[in-house]
Amino acid sequence: MTGGGALLAVSDLAVSFSVRRSLRQVLAGQRSLVRAVDGISFGVGRQEILGLIGESGCGKTTTGRLVMKLLRPSAGSISFDGMDITRASGMEAARYRRRAQMIFQDPYASMNPRFRVRDVLAEPLSIHRVGAGRRERAGLIEKALAEVKLEPVEEYLDRFPHMLSGGQRQRVATARALILSPELLIADEPVSMIDLSTRAEILAMMKEVQRARGLSILYITHDISTARFFADRLAVMYLGRIVETGSPEDIVERPAHPYTRALISAVPEPEPGRVKTIRALPISGEVPSAARIPPGCRFHPRCPSATEHCRRDPEPVLEDVGPGHAAACRRWKEI
Amino acid sequence: MTVENLSLHYLTRRGAVRAVDDVSFQLTRGETLGLVGESGCGKTSLATALLAMPSPPGRIVSGRILVEGTDILTLPEPALRSRIRWEKISMVFQGAMNSLTPVYTVGRQMRETLQRHRPASRAEAESLIERYVRLVGLPPEVVHRYPHELSGGMKQRVVIAAALFLEPRIVVMDEPTTALDVIVQAQILNTIKELKTALDLSLIFITHDLATEAEVADRILVMYAGRVVETAANEHVFGGEACHPYTAMLLAATPRLHRRASGLAFIPGTPPDLLDPPKGCRFRARCPFAFARCGEEPPLREVSPGHEVACWRFE
């Protein structure tokens, strides 16, 4: 992973949730654990955008919540600028929560419908006691709106969320995250609810802000096409583990892990002449439940190249398959 | 199916929202017609109109929908219910997979739907359901499962099976794969193609995603602000012959995984308010090619066989 220069360094992070058991399981003393995140390590460098990609249920959102300290991990550590934030509390935790901000997927649900845009943006300022007095805060609010290109700002300050389009709302959410001048932004599917025609516009705006401020972003998404364009580096998750990391170019053009290959081959491309063909997919079935993770390599039941070793031997770990490109598959050379 | 001059307005206190405005098209037998456009352009409204069931306060204010020679808009509600909906035309609603009842098994829900339309014994109904469950690629045991025990992809298959078992000729699918992950989406698109051939269906496939449409639609119908702006064969649209600036811009905004672009394109601005649509071409305000003539409304005209465009540049 990224070395000492990383702003965020996650190592062996895991979290599991216990689920309701049947009477028989209780009597037999069986526990049922959902291992949502199952030992992952990664870093996000300063001024870097790391794209964490995977299907629903792979643990990417849980990872984001762990990094945000919204959940307590069962194992592993998260360090931010050299400080272990998994153990931070009180003042330290409050300081961290100011330096790391989150943008949520649903811009409809993450904003109080009774707040005007100016109140939405004032809230983090008052929580973190930023800005002395009304006038200074108003200045900060206007600056943040201008930064996300909601201009002229006077036109937006007094609007309620329902008077904004999805794209405009996500701009307000971005302004709310930026107003405290964070160093790390965690963006969980920030554009997946926005129309394709405006998605790129929002991402371009976010990237511009990121470059201008030197921000680090953990970009969580299921959409490889936007991640490729937006992120500097990608990490692919499957069932609670990172199975491949590398540059967007490596991941998309030279995927090493069979899961990444399947994911990429499933993306529809707007090219003619595919109507009559049934697409051959190098993968079958659906993602198993995180309560019943298969033994050996957890991808083996769906893998077209799995052998006896993949079923029996200990789980493969990330190994280098090229410069800055790693995959967790013991057969990557052969397949 | 032939649709002529169909208009659906939502009658609100502030006036009529012209969600579908004078739309005409044909769906030929065995064809998949892809309906695309941004959200709010009238795709879903058009879909509900095709089943003669606009959601309130929507009203079909004009037009004809001919199905096997009958204008279904002239039929009384009971006839629509007993002879048209689900019997001739069925629909997979957007997000339908989340509207399954959580308290009944999948099999029971399907059986109740079936028995409302057909006097079938329980055993007959169950065997028919089993046939369709297998057809959509599910194991027969799913009928004993509750919706929460199924994945999103499986629920979507259940909903598709339920739209098919009364043997409709035409199926309208509104964003059937939008909420699904890419691998599941690709699997379901394969299933839809197989079903279409096996059951000799004609499909209207609605989505905002042109990349998905490229995979399934024989012909594409592009809607903007309640109107049809272009219809063309799949090869024309995706082979670089898309004419209308809106279609071209939608296409440019569709991400391509393997093409390294310096950035993604987008369409600036937002669609117009349909309470008071602008005079002339509705895309004018966002169109980089707009000129004086665009102050008049351009009609949909044929530029080559099977390819129609509503734009003054192609006169």
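B:Glu175 is buried, since 21 other C-beta atoms lie within 10 Å and 20 or more are enough for that label. The model is predicted. B:Glu175 sits in the loop between β7 (170-174) and α6 (182-199) of chain B. The phi of B:Glu175 is near 45 degrees, a positive value in a residue other than glycine. Most residues other than glycine have a negative phi, and most peptide bonds are trans.

The peptide bonds come next. In chain A, the bond from A:Glu151 to A:Pro152 is cis, and its omega is near -5 degrees. A:Pro152 belongs to the loop between α5 (133-147) and α6 (154-157) of chain A. In chain B, the bond that leads from B:Pro56 to B:Pro57 is cis, with omega near 0 degrees. B:Pro57 is placed in the loop between α1 (43-50) and β4 (58-67) of chain B.

Two packed helices are described by the angle between their axes and the distance between the axes. For α5 (residues 152-164) of chain B and α6(B), the axes come within 10 Å and cross at roughly 15 degrees. Angles under 35 degrees count as roughly parallel, so α5(B) and α6(B) are roughly parallel to each other. Their crossing is right-handed. On the side of α5(B), the contact is made by B:Gly152, B:Gly153, B:Gln156, B:Arg157 and B:Leu164. On the side of α6(B), B:Val184, B:Gln187, B:Ile188, B:Thr191, B:Leu195 and B:Leu199 take part. Sorted by class, the contact of α5(B) with α6(B) has 5 nonpolar, 5 polar and 1 charged residues.

Chain B can also be read in terms of domains. Its domain assignment gives domain 1 (2-88 + 168-314) and domain 2 (96-167). The centres of domain 1 of chain B and domain 2 of chain B, taken over C-alpha atoms, are 29 Å apart. Their contact takes 13 residues from domain 1 of chain B and 12 residues from domain 2 of chain B. Within the side of domain 1 of chain B that touches domain 2 of chain B, α6(B) supplies the largest share, 6 residues. By class, that side of domain 1 of chain B has 10 nonpolar, 2 polar and 1 charged residues.

The last part of the picture is where the chains meet. The contact takes 36 residues from chain A and 41 residues from chain B. On the side of chain A that touches chain B, α8 (196-213), α9 (224-230) and α11 (258-266) of chain A each supply at least two residues. Which helix gives the most to this side of chain A? α8(A) does, with 7 residues. The residues of the side of chain A that touches chain B divide into 19 nonpolar, 8 polar and 9 charged.

How values were computed
Residues are numbered from 1 along each chain as its sequence is written. Chains are lettered from A and ligands numbered from 1 in the order in which they are written. This is a predicted model: local features need pLDDT of at least 70, side-chain atom pairs count only at pLDDT 80 or more; totals for chains, interfaces and linings use all residues. Helices (H or I, at least four residues) and strands (E, at least two) are DSSP runs, numbered from the N terminus. A residue is buried if 20 or more other C-beta atoms lie within 10 Å of its own, exposed if 12 or fewer, and partly exposed in between; C-beta atoms are placed from the backbone. Axes are lines fitted to C-alpha atoms, for helices over the stretch in contact, and angles run from 0 to 180 degrees between N-to-C directions. Angles under 35 degrees count as roughly parallel, over 145 as roughly antiparallel, 65 to 115 as roughly perpendicular and the rest as oblique. A crossing is left-handed if the near helix is turned anticlockwise from the far one by less than a right angle, and right-handed if clockwise. Two residues are in contact if their C-beta atoms, placed from the backbone, lie within 7 Å. Ala, Val, Leu, Ile, Met, Phe, Trp, Tyr, Cys and Pro count as nonpolar, Asp, Glu, Lys and Arg as charged, and the others, Gly among them, as polar. Domain bounds come from an automatic or database domain assignment.
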